[in-house]
Amino acid sequence: MDVCIQPRRLSGAVTPPPSKSMAHRAVLAMALSDGQGDLFNVDDSQDIQATKRCVEALKTSRPTGALPLLDCGESGSTLRFLIPIALAVAGGGVFTGRGRLMERPQQPYFDIFEEKGIHYERKDGALLVRGTLTPGTYRLPGNVSSQFVTGLLYALPLLPGDSVIQITTPLESSGYVDMTLDMLQKFGIAVEQEGYETFRVPGNQVYRARNITVESDWSQAGFWYAAKALGSSVDILGLAPHSTQGDRVVAEHCERLSRPGNVDIDVSGCPDLLPPLAVMAAVHQGTTRFVNAARLRMKESDRLATTAAALNALGGRAEEGPDSLTVHGISAFAGGTVDGANDHRIVMAAAIAATRSAAPVTILGAEAVKKSYPSFWEDYKMLGGVVHVL
């Protein structure tokens with residue numbers, strides 16, 4: 001689906017969708033629990049559908065003993081969280097995905113598998129993992145993705161003995177690990193933490209079912225913060241100010257970008273915020289450098305390249321570096337056509353840019369928002385946006 005957006009400021013109140021990151025964690029904890037609980041405020045985005053689908057596949061495979069087939073869609077969280085969980089509860093699995101998912105780095109797990117004698121094989125776009133996850137020490141780099149840490153934190157409590165996760169390089173995106181630890185605690189799982197270097201995980205633990213209400217998503221709120229920064233009168237409702245979601249820093253970064261002057265923003269702890277922050281930076285009085293951003297090249301798109309391309313296509317001034325993005329401020333976007341690159345966050349960023357554009361903005365592949373924010377276009381139009389499907 002391609003859309004054409006007429007330039008218009010937005011106005012009104014909006015509640016961002018439920019946190020996708022928190023929902024992944026809640027769905028998994030509930031699936032591993034010993035009883036019955038209820039999940040409230042869970043959005044049925046494509047990524048959450050993927051986690052639910054894999055959970056059901058794990059459940060149905062247990063009586064047969066066969067390795068489950070786990071279709072992770074395009075969800076990196078689903079894939080990386082489920083790999084050690086599948087080893088712990090089903091002896092492994094066959095993982096598939098779409099888009100760029102199966103190209104994403106998995107080497108931290110592969111290094112562990114070689115050390116622990118766990119078989120893995122990549123073939124025909126699938127990953128087969130088979131073996132026994134045993135108690136012990138697990139070493140992980142912290143600068144690839146915190147998702148590897150979360151996957152192990154979910155799986156290791158199920159093992160018959162104690163384990164340790166040792167982080168060998170500084171942990172990026174530590175806020176996501178905080179979210180994991182908070183969710184595990186809610187379900188009765190104990191983890192002893194020594195900073196972000198060592199996590200001691202007792203074995204023989206039991207997940208205790210409970211009712212969970214998922215918070216609104218600070219990551220998606222970033223796009224409405226960008227709309228505000230571009231001059232729209234948008235009230236953002238339903239956010240937990242003291243949330244464990246690391247992307248709550250968007251409010252702080254938005255404030256920084258409201259003041260003139262050059263700004264450096266380290267996105268190692270909030271990579272998903274780069275597209276909306278880049279849109280804010282494009283009309284900021286000064287030059288903004290987003291640094292420590294190399295991991296963004298392995299998202300749904302090469303997000304450093306596609307963010308720069310989107311801004312430049314609309315008359316902005318941006319250039320990518322190996323692990324950075326530099327954005328030079330202009331007064332307004334000129335309009336034009338943006339390739340959504342099958343990336344939900346690029347599509348939403350371009351839609352927000354249209355609110356401060358001299359001419360219409362056409363977005364190719366606008367349906368990509370279904371991955372994380374299925375109601376985005378409805379919310380955009382509810383706030384007064386004028387969107388025509390081409």
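Biologist: Leaving aside its neighbours within four places in sequence, which residues is Asn 342 in contact with?

Modeller: Contact means heavy atoms within 4.5 Å. By that rule, Asn 342 is in contact with Glu 74, Glu 300 and Ala 368, once neighbours within four places in sequence are left aside. This is a predicted model, where local features need pLDDT of at least 70, side-chain atom pairs count only at pLDDT 80 or more, and totals for chains, interfaces and linings use all residues. Residues are numbered from 1 along each chain as its sequence is written, and side-chain values use heavy atoms, with hydrogens and water left out.

Biologist: Where does Asn 342 lie, and is this residue buried, partly exposed or exposed?

Modeller: Helices (H or I, at least four residues) and strands (E, at least two) are DSSP runs, numbered from the N terminus. Asn 342 lies in the loop between β18 (336-339) and α11. Buried means under 20% relative accessible area, exposed over 50%, and partly exposed in between, with a 1.4 Å probe and protein chains only. Asn 342 has 43% relative accessibility, so it counts as partly exposed.

Biologist: How is a helix read, and how many residues of α1 are buried?

Modeller: An α-helix has 3.6 residues a turn, so residues three or four places apart point the same way. The expected span of a helix is 1.5 Å times one less than its number of residues. Helix α1 (residues 20-31) has 12 residues and reaches 16 Å from its first C-alpha to its last, close to the 16 Å expected. Of its 12 residues, 11 are buried, among them Met 22, Val 27 and Leu 28.

Biologist: What about α5?

Modeller: In α5, 9 of the 9 residues are buried, so this helix is largely enclosed by the rest of the structure. They include Phe 148, Leu 152 and Tyr 154.

Biologist: At what angle do α4 and α5 cross?

Modeller: Axes are lines fitted to C-alpha atoms, for helices over the stretch in contact, and angles run from 0 to 180 degrees between N-to-C directions. The axes of α4 (residues 107-116) and α5 (residues 147-155) cross at roughly 45° and come within 9 Å. Angles under 35 degrees count as roughly parallel, over 145 as roughly antiparallel, 65 to 115 as roughly perpendicular and the rest as oblique. The two helices are therefore oblique to each other. Pro 108, Tyr 109 and Ile 112 of α4 make the contact with Gln 147, Phe 148, Gly 151 and Leu 152 of α5. By class, this contact has 5 nonpolar, 2 polar and no charged residues. Here Ala, Val, Leu, Ile, Met, Phe, Trp, Tyr, Cys and Pro count as nonpolar, Asp, Glu, Lys and Arg as charged, and the others, Gly among them, as polar.

Biologist: In what order do the strands of the sheet with β8 stand?

Modeller: Strands of a sheet pair through backbone hydrogen bonds, either parallel or antiparallel. Two strands pair if DSSP finds at least two bridges between them. This open sheet of 4 strands has the order β8-β9-β11-β10, with mixed pairing. β8 (137-140) and β10 (192-194) stand at the edges with a single partner strand each, so one side of each is left without a neighbour in the sheet. The twist averages 15° from one strand to the next. β8 and β9 (residues 163-167) run parallel and are joined by 4 bridges; Leu 140 has Ile 167 as its bridge partner in β9.
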